[in-house]
Amino acid sequence: MTICENIKKKYIRLSKGQRKVAQFVMDNPNIVGTHTASEVGRLADVSESTVIRFCYSMDLAGFSELQDKLKEYLMDKGEVTEVKQAMPVKKIRNHIGADIVKKDIANISKTFNQLKEQDVEEVVQLLHTSKKIHFLGFRQSTPVAFWMYSNVNRLRDHVHFIPHEADKIAQQLAYMDEDSLLFVISLDEEYEDMATTVEIAKRKNVKIVAIRNKELTSQEPANPVLIVPNTKEAGATCTIAIFSLLHILVESMVSQSPQQYEQYNKKTNGALNTPNLIAIS
């Protein structure tokens, strides 16, 4: 089955935004095969995150695999002038990791199909517009939160990481105000500490985003909330899904103002590469 046949087969299951991507892909395979996800999103009049979610809905590992599938499709049709005669992507066959990769792709696809597109877009806008951002990961989510902090910190200023220690959390809560965004990641089953932290932040009119592994039965303390559900394989697959989600959030944030973020990144890298000079009087 070709990529276009697969799109037609699954078209009815797609969201409104993903259908726009699907139609654009079928109408313009050459363009999609040679442009970035953000460029395709702009041409299709959707966000970059919608393009990526469309790829997961097609059970693909991401946008690059969509491009590889389109290149195969165009080569089979003899239309290779604009895809630079690229060789088809190599498949993982008869390899010990094949089943793991398939499970990872399935879990990522499940996660993104369950996300509400409006919530994802709202999180992206909060990351882009908030004057100050504080990243906090509870327990096993601390390394994930630090990854997000590290990537956002190289793109803009006033980005803070909160270690999972009571006194550190209290210190940064005292520093927050209505211009702050608290970005909380909690993939544990225990949410009492998270709920307490969020409630304190809400009293200070702090904007709050949460990523968790399930919906809460009690009143929702954060808004918006993105759910990355646990799977039978536990931590490893859940982690892969959340890193994919965070990657999309960062790239979508950058797509809001590419020049702004590129200039800040260059300025930061330039400062890091400049040797320290000692003035001698």
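Select K132 and Y175 first. In this predicted model, K132 lies over the face of Y175, at 4.7 Å from the ring centre.

**The sheet**

Next, colour the strands. Five of them make an open sheet in the order β2-β1-β3-β4-β5, and the pairing is parallel. Look at the edges: β2 and β5 (225–227) stand there with a single partner strand each, so one side of each has no neighbour in the sheet. On average, neighbouring strands of this sheet are turned by 15° against each other, direction ignored.

Now select β3 together with strand β4 (residues 207–212). These two run parallel and are joined by 6 bridges. Pick out F183 and look across to β4, where its bridge partner is V209.

**Aromatic pairs**

The structure holds 5 aromatic pairs.

Move on to Y149 and F161, another aromatic pair that is tilted, with 5.8 Å from centre to centre and 45° between the planes. Y149 belongs to helix α9 (residues 142–153) and F161 to strand β2 (residues 159–162); the pair links distant parts of the chain, 12 residues apart. Both Y149 and F161 are buried.

**Confidence**

Finally, colour the protein chain by pLDDT. Its mean is 79, and 78% of the residues reach 70 or more. Which helix or strand has the lowest confidence, and which the highest? The lowest is helix α7 (residues 98–114), at a mean of 73, while strand β1 (residues 132–137) is the highest, at 94.

Then select residues 80–94, where the pLDDT is below 50; this stretch has 19 contacts in the model beyond near neighbours in sequence. Where pLDDT is low, the predicted coordinates should not be read in detail.

Conventions:
Residues numbered from 1 in each chain as written. Predicted model: local features only at pLDDT ≥ 70, side-chain atom pairs only at ≥ 80, totals over all residues. Heavy atoms only, no water. pLDDT = per-residue confidence, 0-100. Helix = DSSP H or I, 4+ residues; strand = E, 2+ residues; numbered from the N terminus. Contact = heavy atoms within 4.5 Å. Phe/Tyr/Trp six-rings, centres within 6.5 Å; stacked < 30°, edge-to-face > 60°. Buried < 20%, exposed > 50% of the residue type's maximum accessible area, 1.4 Å probe, protein only. Lys NZ or Arg CZ within 6 Å of the ring centre and 35° of its normal. Pairing = 2+ DSSP bridges. Axes fitted to C-alpha atoms, helices over the stretch in contact; angles between N-to-C directions.
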